[in-house]
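Work through the two exercises below with the sequence and the model side by side, and try each task before reading its solution.

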Amino acid sequence: MSQKSPRRDEAPSSTSHPVRQFNDQVGSWTRRVARPTGVQRGAGRMVVALLLAVALFTILNPRVFLSPINLQNIAVAAPEIGIIAIAMMLVMLTGGIDLSLVAIANFSAITISTLHTAVAASDPGLADNLGFLIVLAGIVAGMLGGAFNGFLVSVVGITPILATLATMQIYNGIAIVWTGGSTLYGAPTMLGAIGQAAVANIPLLFIIFVFTAVLVAVLVNRTALGRMIQLEGANTVAARYSAIPRRAVLMKTYTGGGLLAGLAGVLFLARNPTASADYGSSYVLLVIVIAVLGGTNPNGGFASVFGVVLATLTLQVVSSGFTAIRLSSYEYAIAQGVILITVMIIDSISSTRTKRPKKTKAPPGADTTTSDAALVRT
Amino acid sequence: MDVLRRLRGTNNEGVLALVLLGLIVAMSIANPTFFTLNTGFSILRSSIVPVIFALGVLIVVITGGIDVSFAAIAIFAGYSTVSFCLTAGFDPGLPGIFAIAIGVGVALGFINGIVIARFNLPTLIVTLGTQGVFFGAMYTYVGATYFADLPGSMAALATSNLFDVTTDTGRAYLHVLVVPVILLCLAVGWVLKRTMFGRSLYAIGGDIEAARRAGFQVQRTQVSVYMLVGALAAIAGVIHIVLSRSANPRDLVGGELDIIAAVILGGAAIFGGRGSVLGTVLGVLLVQVIKNSLLLVGVPSAWLRTAVGVLLVVGVGIQAIAAHRDARRTRVIQDLDTDLKKEQELV
Amino acid sequence: MSARGINKNFGGVPALADVSIDLIPGEVHCLAGENGCGKSTLIKIISGAERPDSGEIIIDGVSFAQINAHAAIQGGIQVIYQDFSLFPNLTVAENIVLTAEVAVGRRLYAPASIRPRAEAILQELDIDLDLDREVGTLSVADKQLTAICRALVNDARAIIMDEPTTALTHTEVSRLFALVERLRTRGVALMFVSHKLEEVLAISQRLTIMRSGRQVVSGPTADFDQRSISSYMTGREVDDSRVVSELDVNAPLALEVTNLSLAGAYRDISFGLHKGEILGVTGLLGSGRTEIAESLFGVEVADEGQIRVAGEVVAIRSIQDAVAAGLGYVPEDRLSQGLFLDKSIADNIVAASLQSHRTRWGMLSRTQTAATIKRFFVGLKINARNADAPVRTLSGGNAQRVVLAKWLATEPTVLMLNGPTVGVDIGSKEEILELLRVEAAKGMSVIIISDDAPELVAACHRVLVIKNGRLTHVLEGDQISVDTIQERMSA
């Protein structure tokens, strides 16, 4: 919000101040260099929140909270949630929402587990050799789930909330039928190995998470598609008038979301070689909390991958901190809701303070629609 | 043409009724055990709680919002009332129990309303948040034990039937609670159609800025709406506990989609401004009949969830495609209008 | 009703400075001024939608420091907004009567009593509307009639109409004027907000002109003529001068349109556009001028006809097709169709040319994008602290330069601009036209769709006049003057 103070001069003077213009230019370039890409309003706030959360629980119960096992647990539990949250962020960037992500992740995990068990029943060795392909099948299953969401939203034209509410139920229902409602055991040994592995004491899962986050950050900030996703979310009509292919962009976004959810399903299995239709049902709320905390605007157009990563870590810290000071998972659920609503209220207050009320609707079919308020000159 | 239009209803209630009728006929032919008083009464019984929830969701959806915390409010209000009565060891009678529960529900709804209306936040995300808060708060501060015995007045109500008919397929019971549900439907329908409060809900859902300019108290109305939803949810919560003859804190939450699906199928527009009680009731009945028929046809109950999802996709998808086409058609009509005007002008 | 000494600032920027206005029963008071002069803000304050920083509003001798929507309605003030503020999901009858019911604080609603009251109003004004139709399905003119009826049901003693003629066709406008006259004779005080000179002169008895938030002049309309109003509005004399380069008639055709038709919008439109030419397309609102441009740009696909760009026949079925063919379009509704208001200037500039800034793997080239942004940010003299500023913070003229930059970045063969200087201050207006001249000299072809005659005179080689969806006149050379254009447009 660096634009609070209005400019004092109009066009004519701009020509007569080459020095000032040069100054502006320099300011612009230095600011851009000084500001790492993808770091937006969410990130700065989350750094503070993360440090506060760590400090709080360190003071409350340093022995348990700072123990290597606890830190290890945070690093192992965060990736699966974090990746789904990044998928949620991606979809919210277009102004939509995807409630089916957790169901897709479970669906992917179940696909892998079932395939593995089926192959392993005939030849255990083969199952291990085909491990990679089986995992890939799971990720593809996730992508297909996402693509179907994309189809419903972009081609059929169903509101994202309703479309994904329905597909959540469909994917979840298919998973229940498939598993018969019970928990499946078995996953490629390769995944177990990944789940246990660590590089320099950092769990491999966490490295995968960071790597994924970097990839998505590059996608969002450095690619043409990423820009289109942002612009589509910022103003659909203007995006259309800028020749941005809406259908293709939405299709790719939801498919990408499904892909990430599929990957999260793989991580479910890597942590624990079991799969069930009801795993992580509390994640649906959690990932929305994380995405919004991380600076994602639910109306679309703005998000920060780095902010989402930090928000994931913060909530994992709060979660394990709650365990460390012996609070229940229900109290954690309360905390999530309270944090979500508090952050949104703070955002809403600060944005009404800095922004003028904007016009809500354009006149229907009117030829001229210039809002005086937005055109007030200095 | 006019008669047809009226039969069809403003929100396609007629179409929905036809679908429902068709389904019932088809099911009766496919499986004679379907078309019995027994099945009918049991579908009605299983619709009692969903209909009350759906009325609440309908009210919110008309104003252009959505509420997913109603199930959490219902079980919070119902369970904490029962828990309070049992631990305190006194039975305030049915009016007392309902009054306590409604008070709790209204208070929780007030929290939703004040957050949404005062700070103008997205309703889905706020109610997702409060859903977690309400549910967590119930477990943490009220308790998580399962009560198999209810206070006397509730237990008595649980076994009261309105009709008790003996047919050749066995005895059919129609539960007495069907009556208050019908009364509630009539009351909500009356409020929506015949009070300024009801009309203001449609106005807000149609164009919130226009509603503000017309002098409607938008914020106050929004808060009242969520309080009303809280009250309806609380009633549904108590009735659910009565019908299941036990108070289980794990009940209800998770079934929100079925209700929202029914309301949307009943013709309410997710962006607000449209929806009727009749459509909503038909929507709920449709979902219940489909659930029931799937079981009768022999589809495993595991498919129910998928079925509701598919139903929602089909229902909303048809609406979405129809909306595309309508948009195109209105343009053509306007074109014709301007053409006519041009011709008049030339003459 | 009168307003005295109204002041209003937006974030330190004065939007209204010491404005006073009186509404007298039986009189039409015109509030005129260019876009952005503070007219809408004044209306919002009078109707209670915004609160003034200082000043007072007096209704029947009672003074209010500020007023809320409810009190304004009770005081008999009704505003008919540019967007009408109707409820699209309710019927005409309900829309007409509902606000009156709110105003009297009624709790119950009786559908049976609604209809007769709505019918009475329709009869009184001699208007024909289907009371049971949903407002969302009405034409724009009928929506406006509904809004007027609604104002009258509320026993309005003062009716404020915000740019009521914007979306109306010519006949609809004259019908509206007749209605306004009838209301006036009934003793209603009317305020008519407009920036169109002919309208102002035709309808009002009293006139107030605003410029940049200040009240420039007030007085009986009889004391003004088109030229004086225009000079008060713009702050300078009407400019009839032409700054047009010699057009090379042998230059190849950049765009050739043959027998283009769209049912209900326009018919048999054929014209050619030379490389480097600036072509004006003018006509009244609803004449089809905007639809022609939108068809060329793939927004509303034409039913028949052929379009050639640089000699090649192209099929334009979507905006992507049009852009791929080398067409660009600066839409008239800049705020919602042209700009991503919350995004930075930089993001807006490259929004339409992302594909051409791609390197391998779909990555955006940082150096290329930075160069493009810098080129246009500096080249178009966009006046902001830096290119990272959100577009929302820009003035109309600067915002329009951003839209222009977005399209220039695609290096179009033909750039179409719809109302390129609507809501733009005088200085920027000149500069934007000059920019177009420079780009045309470099070989780009330009189409300016506008009803602003001086602007067409100042920049265009040729001017096409569209009437009732048909191309009626092609003006060239000396034929192009403010008077001829206005005459041909409305004749």
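The pLDDT is the predictor's confidence in each residue, from 0 to 100. This is a predicted model, in which local features need pLDDT of at least 70 and side-chain atom pairs count only at pLDDT 80 or more, while totals for chains, interfaces and linings use all residues. Residues are numbered from 1 along each chain as its sequence is written, and chains are lettered from A and ligands numbered from 1 in the order in which they are written.

**Exercise 1.** Find which elements of chain B have the lowest and the highest mean pLDDT.

Solution. Begin with chain B as a whole, which averages a pLDDT of 84, with 89% of the residues scoring at least 70. Finally, note that the pLDDT is below 50 over residues 329-347 of chain B. Where pLDDT is low, the predicted coordinates should not be read in detail.

**Exercise 2.** Explain why helix H3 of chain C is largely enclosed by the rest of the structure.

Solution. Because 11 of the 12 residues of H3(C) (residues 92-103) are buried, the helix is largely enclosed; among them are C:Val92, C:Ile96 and C:Leu98. Next, identify the partners: the buried residues pack against helix H9 (196-206) of chain B, together with H2, H4 and H5 of chain C. Just after H3(C), C:Gly105 takes a positive phi of about 70°.

Definitions and conventions: Buried ≥ 20, exposed ≤ 12 C-beta atoms within 10 Å, placed from the backbone. Helix = DSSP H or I, 4+ residues; strand = E, 2+ residues; numbered from the N terminus. Contact = placed C-beta atoms within 7 Å.
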